[in-house]
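This report describes selected salt bridges and a sheet in the structure shown below.

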Amino acid sequence: MDKQSLHRIVQNKVFLIETLSVESEFILQHVHQAKLIAQREYRNLKDTPGGEKRAINLLDKLVGKGEETCRQFIDLLKQNDILENFPKLKDHAIFDSPEQKVAVQEVTVQEVAQYKIAQNPRGTCVIINNVNFTSMRERRGSDVDYKSLDKVFRWLGFDVVEYKNKTADEMKNLLKALGKTVDGDCFVCCVLSHGVKEGVCGTDGNVVSVDEIREPFTDLNLAGKPKLFFIQACRGNRNQNPVRVQADAPGDGESEMMEVDSDAFDITIPADADFLIARSTTDGHVSYRKPEEGSWFIHSLCRNLEKHCPQGTDIQTILLCVNNEVSRKDNKYKQMPVQEVAMRKRLILRPVTP
């Protein structure tokens, strides 16, 4: 039997180990989903400490299964989502002869205009960070999210301003005042708080609707400019972690290991152009937050901004990376961020050189 695929894996083993070990759990999940390894093998490999060791054991396991499994594995490596996570694989010798190498389709976006982002600072990034509440539990880990957002948006050239522990009326008045004064090429608003179906909670437990968050920024000084809103909060209580989980809504349980941010409100994009509202989870579902690490959504957002902004990747593409990363988190329950977009152009935010 021809063992071409098996030989290619063996010949390129060092390259594959070096490449796949960066996100070994990701490739392991795809190999398992493709049924190239059994459930027991998947569990054993998943428990292997260290990405490099896990990649080595995975390749050894696949080679041991023979030529057909190796061929299927190489075909798996050609899939777009694999190539996006492991760009070093593109056009590498692990694939067939040069005329058979995987062709990566490039989307032409030259016809789509870009927002002009030239000022320094770019604009204002407002972070409303509600941690302590009069009648709800403390949102442990929210300060970690704030520090991550503060760091990355300063790096991207924004003036960052934090407003901490605001009541509903204070939030409304603050946003109205900011809507009359903020300027620049772009505006960013991050809201970290408890939530209920009707909107985001102030520290007093009263609610600010998403329209009340958005509407102050439809004024003329931001007309035609991109306005980004990142809301860290759940949209309901489904899929709560059964072991010590706290939801950011009144009366929810205690947690020491993993917490969830609960909101469950509906966001509707207005007719006004140039708005993007990114939510940490889908309607009706919880949004996870670790006290010592911050929330899954904000952590992934900041990490992907740091990774892709220097490469000139547009914000909507970066948010697709966030969606993908958060959705495949290794947890009993899952989380799916979503975006409502009313943007007319591509938004590219490059770091500002000191």
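## A salt bridge between Arg 214 and Glu 215

Arg 214 and Glu 215 join their side chains in a salt bridge, with N and O 3.6 Å apart. A salt bridge is counted where a side-chain nitrogen of Lys or Arg lies within 4 Å of a carboxyl oxygen of Asp or Glu. Arg 214 is buried, at a relative accessible area of 6%, whereas Glu 215 is partly exposed at 43%. Here buried means under 20% relative accessible area, exposed means over 50%, and partly exposed lies in between (1.4 Å probe, protein chains only).

## Basis of the model

The model is predicted: local features need pLDDT of at least 70 and side-chain atom pairs count only at pLDDT 80 or more, while totals for chains, interfaces and linings use all residues. Residues are numbered from 1 along each chain as its sequence is written, and side-chain values use heavy atoms, with hydrogens and water left out.

## Other salt bridges

The structure holds 17 salt bridges. Side chains of opposite charge can pair when their charged atoms come close. One of these bridges links Arg 71 to Asp 75, at 2.8 Å from N to O. Both residues belong to helix H6 (residues 67–77), and because they are four residues apart there, about one helical turn separates them. Helices (H or I, at least four residues) and strands (E, at least two) are DSSP runs, numbered from the N terminus. Arg 71 is partly exposed, with 33% relative accessibility, and Asp 75 is likewise partly exposed, with 35%. A network of salt bridges connects Glu 68, Arg 71, Asp 75 and Lys 78.

Asp 183 pairs with Lys 225 in a salt bridge whose closest N and O atoms are 3.2 Å apart. Asp 183 sits in the loop between helix H9 (168–181) and strand E3 (186–192), and Lys 225 in the loop between helix H10 (210–214) and strand E7 (227–232), so the pair ties together parts that are 42 residues apart in sequence. Asp 183 is partly exposed, at a relative accessible area of 45%.

## An open sheet of three strands

Three strands, in the order E4-E5-E6, make up an open sheet with antiparallel pairing. Strands E4 (195–196) and E6 (207–208) are at the edges and each has a single partner strand, so one side of each lacks a neighbour in the sheet. Two strands count as paired if DSSP finds at least two bridges between them.

Strand E5 (residues 199–201) is joined to E6 by two bridges, and these strands run antiparallel. Cys 201 has Val 207 in E6 as its bridge partner.
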